[in-house]
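Let's take a look inside a protein model together.

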Amino acid sequence: MSKYPSDQDSRVVPAKFIYPFIFVTSLFALWGFANDITNPLVRAFKEIFLISNAQSSLVQWAFYGGYATMAIPAALVIRKLSYKWGILIGLGLYATGALLTIPASMQMNFNIFLVGFYVLTFGLAFLETSANPYILSMGSPETATQRLNLAQAFNPMGSLTGMLVASLFILPNLKVAEFRSAEINAHPEYKEMLPSQVDGLISKSLEDFASANPAPHLEMVKHDLNVVMIPYATIAIVVLLVLVLFSFSKMPNTGHEEDPIRLSHLLKRLWNFHYVGGVIAQTFYVGAQIMCWTFIIHYGMTLVGLSAAQAQNYNIAAMVIFLTSRFICTFLLKYLNPGVLLGMLAIGGVTLTLGAVLIHGMPGLYCLIGVSACMSLMFPTIYSIALDGLSSNHAKLGSAGLIFAIVGGAFMPRMQGAMIDGEGMEFLGRSLESIRVSFFLPAICFVVIACYGFLCNRIERVAHH
């Protein structure tokens, strides 16, 4: 990271970087929107296309797999061109992927939706690989963690917008949701049954309806996919407008680098616990985040008996908590070592996730919502700890590994979906439904993150003595 004059060192964002900081920070909201309008579609597509939880979780496989595919190529392009070019390419791919939902809806084809999400996240990989190190470079290294946490605080604002759009305009307007409500009203005996039993019976009724009435079911699918497509087509237009604004804006610190990559030197700089451990911790963090936010809808519907829209409202509550906690934790970083705070929050995540597994009814759902308070700090803090001490050019390529780590959001929800499709288990003399059992996965992820945070703090303490 470059050094700045002493009068600028105390500022989180030096005056000369205010405009580009604000402009780049707006991108954090854009990819937050894409992430969290997509999460509820895992459950929605399960019912629209009559597929299993494991199959519907391919949405996350495609979405977060795009990050893994494009993270390193994006870093190489940004290194040779500039941060600005990385942002422009990212916005173009984002819009292209979002527009692919139009033919996917018209063809009623799940696989085209997957391709669209995959291409869309090519764009997000470019945006995140550009924006995160760009924000870190906009000032003193001593305030880099605070600066990135401040910028990342705007990510959940976009996420919250995506959740609201899903809750207000997608989930309540699906014909499949009307079918569920009609089934519940037609069977008063469902009120005496466990929500997980009711969920299974309604899914069976939907399959029977599709088999016995193919034409009306096809109309239902057509209607619901049009509902899904409209927000993506709208955000594509917004993204294209942002692309135009960026193309005409003068941005500092292009990041252009002509020197050839010295791979051995780069690997030597990156081969340390802070960086390698950071990539591993980031993989587990993203996996935990996506699992908790994707399957909160399954949890609410299957275990508490909520509708999809009601369950999504609790996801919105989790995001509000996440956003509030992000600002609080950014403030706390003035007084606490980042590794210590990261470890403490990860322990909180383990405790609350196990609460969601073991506690029944609404208290269990409240525990799952509370996990978001613990997750709020994790991504940007792991990111900045991992890149601490690297030069600007090394950070550009090092950031690719941390964006590649988002692949955790592809693998782990797929594993959790398969666990939800499986059987429950006996644990400490209690019978746990499969959806509960599946939340042991994010609990394990938080254990890994806690170890990383506390070990980083210990290494720093030893180094300073």
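This is a predicted model: local features need pLDDT of at least 70, side-chain atom pairs count only at pLDDT 80 or more; totals for chains, interfaces and linings use all residues.

How many nonpolar, polar and charged residues are in the lining of the largest cavity? Here's the split by class:

| Class | Residues in the lining |
|---|---|
| Nonpolar (Ala, Val, Leu, Ile, Met, Phe, Trp, Tyr, Cys and Pro) | 10 residues |

Residues are numbered from 1 along each chain as its sequence is written, and side-chain values use heavy atoms, leaving out hydrogens and water.

The largest cavity has a volume of about 210 Å³. Of its 19 lining residues, Trp31, Asn35, Asn155, Gln289 and Phe379 are the closest to its centre. A cavity here is a set of points on a 1 Å grid over the protein atoms alone where a 1.4 Å probe fits but cannot get out, and lining residues have an atom within 4 Å of a point. The volume is the space filled by probe spheres set on the points, which are joined across faces, edges and corners.

Helix α15 (273–294) gives the most to this lining, with five residues. Helices are DSSP runs (H or I, at least four residues), numbered from the N terminus.

Where does the cavity sit? Domain 1 (11–249) and domain 2 (263–464) both give residues to its lining, so it lies between them. The domain bounds come from an automatic or database domain assignment. Taken over C-alpha atoms, the two domain centres are 19 Å apart. In contact (heavy atoms within 4.5 Å) are 51 residues of domain 1 and 53 residues of domain 2.

Technical notes
On a 1 Å grid over the protein atoms alone, a cavity is a set of points where a 1.4 Å probe fits but cannot get out, and a pocket is an open set with protein on both sides within 12 Å along at least five of seven lines; lining residues have an atom within 4 Å of a point. Helices (H or I, at least four residues) and strands (E, at least two) are DSSP runs, numbered from the N terminus.
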